[in-house]
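Here are my notes on the model you sent over. Have it open while you read, and start with the question just below.

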Amino acid sequence: MKRLALLVLLLLAPGLAGAHGVRLFATVEGQEVVGYGFFIGGGRPEGARWRAEAGGETLAQGRTDTAGGFRLPAPAAGPLTLTLDTGDGHMAELTLGPERFGAP
């Protein structure tokens, strides 16, 4: 019986962990990149570290606001890779392609 309970727990563990995972959304609005982090199941990560990189160089970094949001000046071209780290093991990454910045 203990083995069956352990097996059920192990099978459910990946789903439970994913239910609290963090995701990242971002868009280009005029001359800015605007985005936010959110937890699957609800909530936004306040004070999470974010970073924007292009060509292996950090263009901007900071912490999310009280609504889990951030903004930065849009680069002239992409791609732009954004990462979000809540500091408790939750991380998300998103890449905005060159087409998002007006490139063909």
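In which sense do strand S6 and strand S7 pair, and over how many bridges?

1. They pair in the antiparallel sense over six bridges, with S6 covering residues 80–85 and S7 covering residues 91–96. Strands here are DSSP runs of E, at least two residues, numbered from the N terminus, and two strands pair if DSSP finds at least two bridges between them. To find your place, Leu-80 has Leu-96 as its bridge partner in S7.

2. A word on ground rules: this is a predicted model, so local features need pLDDT of at least 70, side-chain atom pairs count only at pLDDT 80 or more, and totals for chains, interfaces and linings use all residues. Residues are numbered from 1 along each chain as its sequence is written, and side-chain values use heavy atoms, leaving out hydrogens and water.

3. Have a look at the turn between S6 and S7: this hairpin has five residues between its strands, and Gly-87 there has a positive phi of about 90 degrees. The hairpin of S1 and S2 has two residues between the strands, with Gly-30 at a positive phi near 65 degrees.

4. S1 (residues 22–29) and S2 (residues 32–39) are antiparallel too, joined over eight bridges. S2 also runs antiparallel to S5 (residues 69–73), through five bridges.

5. Last, check Thr-27 in S1. Its side chain makes a polar contact of 3.3 Å with that of Arg-100 (a pair of N or O atoms within 3.5 Å, one able to donate a hydrogen and the other to accept it; residues adjacent in sequence count only if both atoms are side-chain atoms). Beyond its neighbours within four places in sequence, Thr-27 is in contact with Glu-32, Val-33, Val-34 and Arg-100, contact meaning heavy atoms within 4.5 Å.

Note on methods
Helix = DSSP H or I, 4+ residues; strand = E, 2+ residues; numbered from the N terminus.
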